[in-house]
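Hello,

Here is the structure for your files. My notes on the chain contacts and charged pairs follow below it.

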Amino acid sequence: MPQIFAYIAHKDGAAEDSALEMVAAAKKIDPDASVSAVVTGSGADLDKVCQDIAASYSEVLKVDNEVLSYPNAEIVRKALVNILPKGSIVLLPHDTFGMDLGPGLSIKNDSAFVADVVGFEGIDGNILKIVRQEYSGQVSTHVTCDISAGVVLNIRPGVFAADESKSAGGSVVDKSGDAGDLSVTRTFLEIVEAEAGDVDITKSDVLVSIGRGIEDEDNIEIAQELAEAMGADVSCSRPIVDSKWMEKSRQVGTSGQTVKPKVYLAMGISGSFQHLGGIKGSPYIIAVNKNSKAPIFQVADIGIITDILDFIPELTDAIKEL
Amino acid sequence: MEILVCVKRVPDTSENEIEVNSSGSDIERDDLVYSVNEWDNYAVEEAIQIVENAGSGSVTVVTIGDDESEEILRREMAMGANNGLLLSDDAFENSDGKGIATILKAAVDKGNYDLILTGAQAEGGAAQVGGMLAAMLDLPYASLVNKIDIGDSKLKVGREIEGGNQEMNDISMPCVLSIQTGINEPRYVGIRGIRKVASVDIPVMSASDLGIDASAVGEAGAKVKRVDYFVPDLGDGAEMLEGSTEEIIGKLIELLKANGGL
Ligand SMILES: Cc1cc2nc3c(=O)[nH]c(=O)nc-3n(C[C@H](O)[C@H](O)[C@H](O)COP(=O)(O)OP(=O)(O)OC[C@H]3O[C@@H](n4cnc5c(N)ncnc54)[C@H](O)[C@@H]3O)c2cc1C
Ligand SMILES: Cc1cc2nc3c(=O)[nH]c(=O)nc-3n(C[C@H](O)[C@H](O)[C@H](O)COP(=O)(O)OP(=O)(O)OC[C@H]3O[C@@H](n4cnc5c(N)ncnc54)[C@H](O)[C@@H]3O)c2cc1C
């Protein structure tokens, strides 16, 4: 069994949620595994993260270097290639950082790569059995992966319940001297924060949220009328913003806003994990979709199979009559 | 500026409901409508705009597939891409992501490109090919790009990260970028545009044309193998409201009242 390493993403001296989720994921690969963490960064923040997660990992490899103070995937990749033993299993979060790092790392490590892993179903010799999804979660697949030369696995955030046991009692090992040449051809400049919009949907109690099922810009009006009748705000999924039909500040999801309403009406939204990742606080979810197999119905409290273009105006009329 | 854009033919999920076939070996492919991967359309539009603004250069669209994949190349050429290139060989079938990147690398090596664009991801949500291709070519890479400013030998690119924030980077050329949706507004392609390119010759290259060792790609080279498709048993899911529209709306209003929605 190759050694398992988890890359720990962190910010402002605190490890991200994925840190404990990956302990759980590693135990699904091998319940007896002693899992190591790799943490890159610089200074006091880095030390604090290393100390915190040593409770959850049997060993914490620390790489301290000024150039790693912002996690530039190109630099992190160089460090990992130099530090990790050949043939390792490397776990990364499948987020915008993991997508930047994982595929290239697998090539440089000469190992396999599997993205957006949602489950493990055992290991047979060198063959690891993995569960993935395709078509935004409409279907699932089993894939097998030959890990004889190692593998990089990008793990979907939020699917493996965090391992809170904190009983690993690990030690921190300083690997900074082994990171090698960290010069790069891509330089981080700055973060440009997303613009605030007219309405702050993160404060809304009730959201009427529309997805690609709204079909046309002119139809957005019916959602606005429903929201008005309910005293709700209108939010949306990413394709609506990509089409420039609504402001980015109205987008719910990992690359948009994180909302915590009491009630969330998902109208013509399929329920991709990036969309659902922006809905917190377990709201009461009502999903309206014409496809009975839409993944949103797996997470919603109430489901209605119908055409939103007919349904929304009728619901608005009924509410107005109350 | 010479730009290569990698495009993939995929089932159009806005036109189809995707279901597993009866044996679980594949999705139900009868009656599927195919189109170009959503992300790739943005990548092609971006490439066309870069060349238009520079006033010189060309855009080549490349895909790995079979005869039917030619139609998406023509579609992107109707948008304004100058050249199409089809990479096709029985040996390419059942490639994993690394196999696809290996084939694309061989095509890149045959050309002389300043910039190589892919979509951020395709229908499988893997988001793997761009990063693999860059690493194989030893070129710098940035994923999820939603802004490109052209400099002399450098680009300034924005990566869309969590929360919709934008991570700005300098990156030297040649490089590989994976493009995120929303970076631009892809132009509309009409029937007339498609007709104009209907008879343009699209070269086809095989494994041997590309100098690819057949055992490194396709099923033979794949470390990752898809075993089957299935529908997971995820417990109860939503309570479905049924009946006439009036009944459904009546029930829904009660539920909204009870749960703070009205
Ligand atoms: C890095 C990254 C970040 C991302 N971040 C986000 C994010 O922050 N937020 C986000 O939303 N997405 C995000 N995405 C995109 C995400 O993967 C999905 O593509 C997106 O959420 C799909 O939006 P949708 O559900 O509206 O569209 P689709 O998946 O196309 O679903 C449309 C749904 O509407 C139904 N429908 C169609 N017509 C009707 C009708 N007339 N009546 C009823 N139902 C109808 C269909 O059955 C389908 O289920 C991100 C992707 C990446 C790669
Ligand atoms: C019949 C069949 C069998 C398959 N069997 C397997 C298998 O056994 N194991 C396995 O791992 N995968 C298998 N696949 C998936 C297939 O190999 C994927 O196409 C491959 O993994 C790369 O695509 P992606 O969707 O992962 O790309 P992503 O990395 O998500 O896509 C990013 C970008 O890469 C580029 N790109 C992707 N594919 C192409 C292409 N064909 N031509 C040009 N550019 C492209 C595009 O720019 C795209 O936007 C199979 C697919 C089919 C149709």
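**Salt bridges and the interface**

A:Lys175 and A:Asp178 form a salt bridge, with the closest N and O atoms 3.9 Å apart. The term means a side-chain nitrogen of Lys or Arg within 4 Å of a carboxyl oxygen of Asp or Glu. A:Lys175 is partly exposed, at a relative accessible area of 23%. A:Asp178 is partly exposed too, at 43%. (Buried is under 20% relative accessible area, exposed is over 50%, and partly exposed lies in between, with a 1.4 Å probe and protein chains only.)

This is a predicted model: local features need pLDDT of at least 70, side-chain atom pairs count only at pLDDT 80 or more, and totals for chains, interfaces and linings use all residues. Residues are numbered from 1 along each chain as its sequence is written, chains are lettered from A and ligands numbered from 1 in the order in which they are written, and side-chain values use heavy atoms, leaving out hydrogens and water.

**Within chain A**

Over all chains, the structure holds 32 salt bridges. One of them joins A:Asp100 to A:Arg186 at 2.8 Å, N to O. This pair links distant parts of the chain: A:Asp100 sits in helix H4, A:Arg186 in strand S13 (residues 186-192), 86 residues apart. (Helices, H or I with at least four residues, and strands, E with at least two, are DSSP runs numbered from the N terminus.) Both A:Asp100 and A:Arg186 are buried. They also belong to a salt-bridge network with B:Arg159 and B:Glu167.

A:Arg156 pairs with A:Asp116 in another salt bridge, at 2.9 Å between the closest N and O atoms. A:Arg156 lies in the loop between strands S11 (151-155) and S12 (171-174), and A:Asp116 in strand S7 (residues 112-117), 40 residues apart. A:Arg156 and A:Asp116 are both buried.

**Between chains A and B**

In chain A, 80 residues are in contact with 75 residues of chain B (contact means heavy atoms within 4.5 Å). The two chains bury about 6,800 Å² between them, 56% of it on carbon and sulfur atoms. That area is the accessible area (1.4 Å probe) that two parts lose on being put together, summed over both.

Nine salt bridges cross this interface. Among them is B:Glu19 with A:Lys293, at 3.7 Å, N to O. Helix H4 (residues 96-108) of chain A gives the most to the side of chain A that touches chain B, with nine residues.

Best wishes
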